[in-house]
Amino acid sequence: MKKLIMLWLLYTNSQQLFAQNTSLNPITERNYLLQNIQEIPAIGVWGELVLLDNSFPILVNSEGAREAVVGGSTMGKGKIVAFGHEGFFEKEGLKNNQTKQLIYNSIFWVANKKEKPVILIRGLEVFSEYLTSLGFSLKKINNETVLSAELLNAVDVIILDPDKLKTESNEIEILKKALKSGKGGLFAGLGWGWQKLNPNLNLKSDFKGNILLADAGIEWGQEASFAKKVVADVELEGVFLYAEAKKYVLSNSLVQADKKKFGNALRKLMQTLPLIIQKEKPFVIPSDFPGNAPANTPVVVKNITINTQVPYWHCTGLYAQAGSIITLTTQNNIKSEKYKVRIGSHTDKLYEVKGNWKRMPEVSLAFLLQKGTTQVFNPFGGMIYIEVPEKNQENINLNISISGAVEAPFFKLGQTSVEDWKNKIRNSPAPWAEIEGENFAFTLESKYIRNLNNPQEVAQFWDKVQANNRELVSWKADKPQKMRLVFDRQISLGYMHSGYPIMALVGEGYAPGIDEQASIVDIKNPEKWGFVHELGHNHQEPAWTFEGTVEVTCNLFSMFALEKVMNLKQENMKPDLTPAQIKKRWEEYTKSGKSFEKWKKEPFIALIMYQQLINYYGWENLKKVFKVYRNMSEKELPKDNNSKMDTWFKTYSNVVGEDLSDFFDTWNFPVSMEAKNSIKSLPKADTKKIMGF
């Protein structure tokens with residue numbers, strides 16, 4: 001009886017749903033699709049849909065920039081609903097009544113109001129059983145059955161996993177033709193999940209769902225969304241299509257516009273532009289950042305060679321003026337869309353930062369590099385890079401000719417002569433410059449290098465810093481060597497933050513009165529803590545970074561690099577490391593009852609414990625500790641917090657050949673009895689000597 005009542009309610013709703021005008025207006029269509037739907041809880045980690053042309057959002061992320069998770073569109077005479085997670089068609093998703101309602105509404109919508117649509121469903125056994133229970137007329141086939149025009153002509157709606165379409169049987173083209181002739185389609189996929197499973201393929205061009213729905217203006221994107229729910233925002237407030245987003249951004253001031261609305265519009269514009277770049281005429285978004293070279297600066301043609309065995313960004317030494325067309329011609333027969341061209345080194349997105357924006361919240365764009373000729377532009381301009389994927393199986397020197405850009409001050413160790421730098425290159429007109437070594441590169445405002453006479457020793461200095469980081473942690477040779485840092489007017493977090501690239505604020509430093517851009521090129525200036533701290537973060541590994549040590553173990557690299565490269569004593573690296581400060585913090589920790597919660601919350605208290613071990617046993621033993629971790633198999637590496645602490649204690653004890661139980665107990669560092677028993681055959685360490693108090 002309950003099932004009959006539910007069917008009657010759903011049928012009644014469907015009649016109301018399609019009793020209205022069906023002209024394809026996004027708001028009207030969403031009203032049809034979202035009747036009796038308010039929100040749907042998360043099914044795993046959502047995947048975004050990138051909506052172009054005639055498509056529109058149905059359900060959107062409840063948080064942040066409001067990415068579409070379900071979208072609708074037309075394809076010729078047919079209608080499409082695309083879902084950004086396979087879970088909509090699976091057992092977990094179908095537990096939710098509003099998910100069921102959305103599925104039901106979608107079927108009738110794509111079937112053009114047909115009272116009893118016939119559905120072809122391939123595979124998807126759980127979903128098939130659910131639709132059968134609702135009384136739908138189904139033609140069920142398995143994933144091995146090949147689609148044909150005859151098969152599709154006999155049904156109204158097609159539901160299948162697009163990733164299982166058979167290219168050898170021309171199924172994509174057959175299905176496209178059926179959809180354009182008026183058939184409806186429901187398709188689900190997970191863009192970021194597919195990309196993770198296929199790291200050497202391109203989501204846009206290789207994912208079969210994106211090939212299928214290209215003409216519908218729907219693409220599965222690579223972003224993951226951790227929102228707890230998606231919502232039915234019927235008024236579409238703050239959810240933009242590309243054309244609307246572009247119009248809004250160009251006609252509104254960053255300062256005066258509604259922050260949330262402007263951010264959503266700009267994000268949609270920047271998200272969509274790389275996908276439609278061939279169709280789009282150049283335009284400029286008014287902004288003073290990252291800035292332009294003088295208006296009369298001549299553009300150049302430059303031939304560059306990229307070593308494709310080195311991953312990530314390769315600086316071209318060229319700068320794109322805002323809105324200028326940049327033409328790249330590849331001389332190699334590369335796999336299309338394997339590499340990217342990036343315009344703009346300032347990759348931090350500021351949509352979620354609190355307070356006012358000091359620059360546009362997104363200014364960097366990456367485009368797929370095509371075979372032959374690729375033309376791109378960025379409305380804001382920026383430094384030009386070629387991006388190489390991390391795991392690249394091609395071993396070629398990629399030769400590219402680039403035109404339409406202006407010269408930037410760019411020094412590359414081993415390729416640029418110091419004389420050329422002093423006589424010409426440092427005076428190149430672009431507002432941003434780059435110095436690149438073998439292990440480290442950084443981007444800063446050009447005014448800071450106009451008087452720099454020896455960029456070679458600067459590059460070599462930072463190479464030594466990064467080489468020491470690698471040495472300490474025993475990184476294997478196959479680890480990407482080159483770290484990168486970029487200065488920015490505003491960043492997403494703090495004064496600096498780790499990542500690729502490391503981001504740092506212009507005009508502000510870790511120490512009062514320190515200009516970080518001046519400091520990075522002044523290799524004799526000891527104020528380097530901020531840089532080496534963030535580099536340290538990039539070398540941390542989960543197995544030995546347990547709760548309370550994220551801001552601690554990164555400083556092991558800071559101390560090692562500054563000692564080995566600058567010959568600094570710890571007390572001269574940072575005021576927190578002076579003997580007086582160390583003693584003061586130990587006394588505070590003791591007075592607190594040696595609360596381990598305090599240890600975890602105050603990084604410079606926790607760091608004292610590591611310093612004592614290093615200063616007593618030496619850096620060589622810490623290297624051996626890290627090497628033990630490096631040689632552990634994935635199964636051996638500790639995963640939970642307690643295991644990580646036990647493993648750190650046992651590993652250090654075994655490496656130095658002494659039982660450190662008393663030392664860790666003195667610090668009230670929680671180690672299990674099992675861990676202590678495992679090293680009790682070792683001689684006891686002299687805790688007082690280690691602590692040095």
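## An enclosed strand

Strand β9 (residues 184-188) is largely enclosed by the rest of the structure, because five of its five residues are buried, where buried means under 20% relative accessible area, exposed means over 50% and partly exposed lies in between (1.4 Å probe, protein chains only). Helices (H or I, at least four residues) and strands (E, at least two) are DSSP runs, numbered from the N terminus. The structure is a predicted model, in which local features need pLDDT of at least 70, side-chain atom pairs count only at pLDDT 80 or more, and totals for chains, interfaces and linings use all residues. Residues are numbered from 1 along each chain as its sequence is written, and side-chain values use heavy atoms, with hydrogens and water left out.

In a regular strand the side chains alternate between the two faces of the sheet. Both faces of β9 are covered, with Gly-184, Leu-186 and Ala-188 buried on one side and Gly-185 and Phe-187 buried on the other. Strand β5 (residues 78-83) pairs with β9 in the parallel sense over four bridges; two strands pair if DSSP finds at least two bridges between them. Val-81 has Leu-186 of β9 as its bridge partner. Strand β8 (residues 157-160) is also parallel to β9 in its pairing, over four bridges, and Leu-160 has Phe-187 of β9 as its bridge partner.

## A mixed open sheet

Six strands, in the order β20-β21-β22-β23-β25-β24, form an open sheet with mixed pairing. At its edges stand β20 (410-412) and β24 (496-497), each with a single partner strand, so one side of each is left without a neighbour in the sheet.

The pairing of β24 with strand β25 (residues 502-505) is antiparallel and runs over two bridges; Met-496 has Ala-504 of β25 as its bridge partner. The loop between β24 and β25 holds Pro-501, which a cis peptide bond joins to Tyr-500, with omega about 0 degrees.

## Two helices in contact

The axes of helix α2 (residues 26-33) and helix α3 (residues 97-110) come within 8 Å and cross at roughly 125 degrees. That angle makes α2 oblique to α3, since angles under 35 degrees count as roughly parallel, over 145 as roughly antiparallel, 65 to 115 as roughly perpendicular and the rest as oblique.

From α2 the contact involves Glu-29, Tyr-32 and Leu-33, and from α3 it involves Leu-102, Asn-105, Ser-106 and Trp-109; contact means heavy atoms within 4.5 Å.

## Helix α21

Helix α21 (residues 619-630) has twelve residues and spans 16 Å from its first C-alpha to its last, close to the 16 Å expected at 1.5 Å a residue. The expected span is 1.5 Å times one less than the number of residues.

The buried residues of this helix are Trp-619, Asn-621, Leu-622, Lys-623, Val-625, Phe-626, Tyr-629 and Arg-630. Their cover includes α13 (455-473), α16 (554-566), α20 (603-617) and α22 (641-656).

## Backbone features in loops

Another cis peptide bond joins Phe-289 and Pro-290, with omega about 10 degrees. Pro-290 belongs to the loop between α11 (259-272) and β12 (300-307).

Leu-124 is not a glycine, yet has a positive phi of about 50 degrees. It sits in the loop between β6 (118-122) and α4 (125-133) and counts as partly exposed at 26% relative accessibility. Asn-567, also a residue other than glycine, has a positive phi near 55 degrees. Asn-567 lies in the loop between α16 and α17 (570-573) and is exposed, with a relative accessible area of 64%.

Definitions and conventions:
Axes fitted to C-alpha atoms, helices over the stretch in contact; angles between N-to-C directions.
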